Amino acid sequence: MNDFDFGNYLCGLREGRGLSQAQLAELLGVTDKAVSKWENGRAKPKTDTIRNIAEIFGVSVDELLKMKEAKPMPDITKIVITGGPCGGKSTAMSWIQNAFTEMGYTVLFVPETATELITGGVAPWTCESNLDFQKHIAELQMKKEQIFEAAARNMNAEKVLIVCDRGEIDNKVYMSPDEFECVLKAVGSNEVKLRDDYDAVFHLVTAAKGAEEFYTTANNSARTETLEQAAEMDDKFISAWTGHPHLRVIDNSTDFENKMKRLIKEISTFLGEPVPYEIERKFLIEYPDIRMLEQNPNCRKVKIIQTYIQSDGEGEVRIRQRGENGNYIYFKTTKKAVDSIKRIEVEQRLSQEEYLELLMLADTSKKQIRKDRYCLTYNNQYFEIDVYPFWQDKAICEIELSNENDAIDFPDYIHIIKEVTEDEEYKNASLAGAI
């Protein structure tokens, strides 16, 4: 059995005994969130806990252990393809299907929810209000993604790529701040979770910016924007996703076929096909104008706590809490240097419980790093400006590249002191040992 079958079995045992998740968690000495993760297939309990479950429900320990040790779930990655109107999303889906099927992926597509509803007669002008329409989109989008993820967990596949034609955060663009807060409450979530629940986001710039002669509304009955409105909407979509840890913007600097090839390359690089390389350049900059950054609609602040843990020779290993306004997500990252700017990087999303367990393995020779990260989109590039509490006159600016020779266009308000990509003194691991 796979993880999802184990979760269903455990849920049946619990409900058969008339226990809530919280009550079972109390009996087992774990959190109710842990029980929830076991039941939805996102994690499995430890062997000692399996024995306690067997004792509570009077079932065979051997059977539960067999289920726990059954074949692993597929490696599931969920990405978003977003962008301004007439950016090429529909064509991109065919390119993604062909390219990644050849690479051995089972590719699943979550259709664009707003278009589904509008073409079916459910639209802002047929609903009682725009808020009602946006609630329908959010609820349906969330349910669709849950169904696709559940289906992926049960597939006889090694690698599954779930591709969402727009994600939950896209429709923030069509709402006032108050409406957006109402939608978050309606779906019981927060902006960080909705934005960062996806593994990566790829934005296709509208043809209205740089390829105006190809802009059309003829191929989408739900598209009504003029050329000027489409360009404005494109900027708003980029702004909405700014802050995500893996946002890439694909512009119209080449013809359309090469735009698609660049998209496939960016996705391949993120997935680690054939090897999970990260190409990053790092610059020491003068302390930025924080007020200006925080007022910039294309900049988003996130708070990061980074802890290095014992690695047993597997490379540099860190865990990270990342988020804002009391809402956080958690990652484990393993890095191995290939050369001065290229590294093999493997990133794993963690539950809060897993993160707290790994904190117990902290490398005591290094201190935690706390920093404010300003994620900035500028001229279709994605910068990360790290402001540390122990520096008052400088900061670090990083940018990930798809090619070592890519040109970097810095905003004029970022003042470079020097490049420190190859300088060990300014690596996070070195800073953690120095502070």
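The following legends describe an overall view and close-up views of a predicted model.

Residues are numbered from 1 along each chain as its sequence is written. Local features need pLDDT of at least 70 and side-chain atom pairs count only at pLDDT 80 or more, whereas totals for chains, interfaces and linings use all residues; side-chain values use heavy atoms, without hydrogens and water.

**View 1. Overall fold of the chain.** The secondary structure comprises 15 helices and 14 strands (DSSP runs numbered from the N terminus: helices H or I, at least four residues; strands E, at least two). Of the 435 residues, 50% are buried (under 20% relative accessible area, with exposed over 50% and partly exposed in between; 1.4 Å probe, protein chains only). Along the principal axes, the C-alpha atoms fill a box of roughly 70 × 60 × 45 Å.

**View 2. Helix α11 and its packing.** Spanning residues 227-241, α11 reaches 22 Å from its first C-alpha to its last, close to the 21 Å expected (1.5 Å times one less than its number of residues). Its buried residues include Met-233, Phe-237, Ile-238 and Trp-241. The buried residues of α11 pack against β1, α10, β4, β5, β11 and β12. Just after the helix, Gly-243 takes a positive phi of about 115°.

View 3. Thr-77 lies in strand β1 and counts as buried because its relative accessibility is 11%. Neighbours within four places in sequence aside, Thr-77 is in contact (heavy atoms within 4.5 Å) with Val-160, Leu-161, Ile-162, Asp-199, Phe-270 and Leu-271.
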